[in-house]
Amino acid sequence: MVFAPPLNTDDLRRWRNCERRFWLARRELQRGVPVSGPTPAEPEPATGLDAALRASFPHADTVAAPQSPAQWLQAVRHTLNCLDSDAEPPEGWAILGACLTSEDRAQVRIDVLTAGEHGLRLFKLRYATVGDDTDVDDVALWTHVAARCGFAVQSVGLLLVDTDFVYPGHGCYAGLFREVDLGPVLGSRPVADWLHAMRQCERGSEPEATPGPHCHEGSGCEFAASCKACAVPATAEHSETSLDILGREAAAEWRAPGHHDVMSLRPEDIVPPRQRRAVRAVQQGAPLLEPEVGALAQAWPYPRHCLRFDTIGLAVPIWPGTRPYQTLPFQWSCAVQTADGAWSDHHFLAEGQGGDPRRAFALSLLGVLGTTGAVLAYNAGFERNRIRELAQWFDDLAPALDSLLPRIVDLFQIARSHYYHPVMAGSWSFRSIARAVAPGLAMDIALDPALDAGTGRSAQAVFALMQKPGQNATVRAACRAALQAHGQRETAVLRSLLALFEQAGTAP
Ligand code: SF4
């Protein structure tokens, strides 16, 4: 007889998503092959999460996450010991990561378990502002297991981040989470039937499956590369020549008379200049730049400042006076060109684990931008809005910050009206324009995986890693260097774009 491990929330998620996915994962587990969980990553790295939870539940017991069957036994014992007390628990008591296994072999790790007057209160913790259907499924399974273990469950719910919360500082996170009662929506989840169906499914042969959007939802199906059902033939359209580069509506209009890609279109039949330019560029297999942009670019006054901001919106605010997910600037990068053509690089990065960086950010920015010259940014509305916010926060700096706004030139708007490169495949993102004008430049942030394997490659993830409480000096220095290099690469893209525009219309 084949050993079937207990069913858990990962199994339930896979099964609800696709029976074949569940079946394949269970086969792997039975063969002892680890399968990564289907739980989508939280939208941003967890900075200060522990402190926030501790503030809400100062008398919490924590059960360490079990990694093996033996550890599961220990974790369940630990949980039951915490629950096996006649004494009334103190205010702010909870079990964080409570582990339970029911006699029908389902196994759960409950984010937050507290005691109510009439039974247990179970909470799923989400570092998000809203929950979703999979949260309700998870909590339904927890409730089933707790009840099967003989516990009365008084209430179930989500703990979500309250965006009205303003962090007062000193680690005071009470009020960061708001409770959402899931009781009213839980009753319709037939968990016992699901568990039975999952057991039957895993005992049967490989189920049929229909590929669809569910194969790519969240972090995507672990088996998408090997799944027979999902092995659909690659689309005949090449992304660079796809009609979709013209936008969804225009693509639909051109498909209707029978066009499959832009190669069969006649540019003279296309009215919008931007679309006509894109089609011409793709058909000639080379970028197209309107010559009049040269005179425009040459008129931008010196000193020219190629400017790029990096911001973060933390679920758990770390600077007093800020709210969850508030967009806060932590780094600016600026390449400055003087009238003699010389370039210099300038940079500001908030100190790791320092205080609120906004004032230092604003002061240093004013220092480098001075009072004259063009400020060149890509999708400049972003930089403009951050400068406006800084002006609102600091009355004394507001006149100087506001005076920057008329100097800002949006290279995105200029590019859209005068340029197209086939490699952009219809996308005007910063990465796409970087591929076009600075093809040799790798835009990913390179951080030694040995320093923190779980860190993503976004500037936000690296900054959050640098800010992590207790972070060591080596990691902080590596993060700082990686962020600085990232900023320099971004301003290098702006410089390339500027150079491209300036050369337009000049004789070869
Ligand atoms: S790739 Fe899609 S169809 Fe195949 S197992 Fe995964 S979710 Fe199911």
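## Cysteines

Cys227 is buried, because its relative accessibility is 12% and the cut-off for buried is under 20%. This comes from a predicted model. Cys172 has a relative accessibility of 41%, so it counts as partly exposed. Cys149 is also in the partly exposed class, with a value of 28%.

A disulfide is a covalent bond between the sulfur atoms of two cysteines. How many disulfides does the structure hold? The count is zero.

## Around Cys149

Cys149 sits in a loop that runs between α5 and β5. Leaving aside residues up to four places away in sequence, Cys149 touches Leu100, Thr101 and Ser102. Take Thr101 as an example. Along the chain, Cys149 and Thr101 are 48 residues apart.

## Domains

The protein is divided into three parts: domain 1 covers 9-215, domain 2 covers 243-286 and domain 3 covers 287-508. The centres of domain 1 and domain 2, taken over C-alpha atoms, are separated by 49 Å.

## Confidence

The mean pLDDT of the protein is 89. A value of 70 or more is reached by 93% of the residues.

## Two crossing helices

Helix α5 spans residues 133-148, and helix α7 spans residues 191-203. Their axes come within 10 Å. How do the two helices lie to each other, roughly parallel or roughly perpendicular? The axes cross at roughly 95°. Angles of 65 to 115 degrees count as roughly perpendicular, so α5 and α7 are roughly perpendicular to each other.

Which residues meet where the helices touch? From α5 come Asp137, Ala140, Leu141 and His144. From α7 come Val191, Ala192, Trp194 and Leu195.

## A covered helix

Helix α15 runs over residues 430-437 and is mostly covered. Of its eight residues, six are buried. The buried residues in α15 are Phe430, Ser432, Ile433, Ala434, Ala436 and Val437.

What covers these buried residues? The cover includes two strands, β8 (304-312) and β13 (419-420). It also includes two helices, α14 (411-418) and α17 (473-503).

## Backbone details

The peptide bond from Tyr302 to Pro303 is cis. Its omega is near -10°. Pro303 lies in the loop between α10 (293-298) and β8.

Arg105 is not a glycine, yet it has a positive phi of about 60°. Arg105 is found in the loop between β2 (93-101) and β3 (107-116). With a relative accessible area of 35%, Arg105 is partly exposed. His170 is not a glycine either, and its phi is positive, at about 55°. The loop that holds His170 lies between β5 (153-161) and β6 (177-181). Is His170 buried or exposed? His170 is exposed, because its relative accessible area is 80% and the cut-off for exposed is over 50%.

Terms used: Residues are numbered from 1 along each chain as its sequence is written. This is a predicted model: local features need pLDDT of at least 70, side-chain atom pairs count only at pLDDT 80 or more; totals for chains, interfaces and linings use all residues. Side-chain values use heavy atoms; hydrogens and water are left out. A disulfide is a pair of cysteine sulfur atoms within 2.5 Å. Buried means under 20% relative accessible area, exposed over 50%, partly exposed in between (1.4 Å probe, protein chains only). Domain bounds come from an automatic or database domain assignment. Helices (H or I, at least four residues) and strands (E, at least two) are DSSP runs, numbered from the N terminus. Contact means heavy atoms within 4.5 Å. pLDDT is the predictor's confidence in each residue, from 0 to 100. Axes are lines fitted to C-alpha atoms, for helices over the stretch in contact, and angles run from 0 to 180 degrees between N-to-C directions. Angles under 35 degrees count as roughly parallel, over 145 as roughly antiparallel, 65 to 115 as roughly perpendicular and the rest as oblique.
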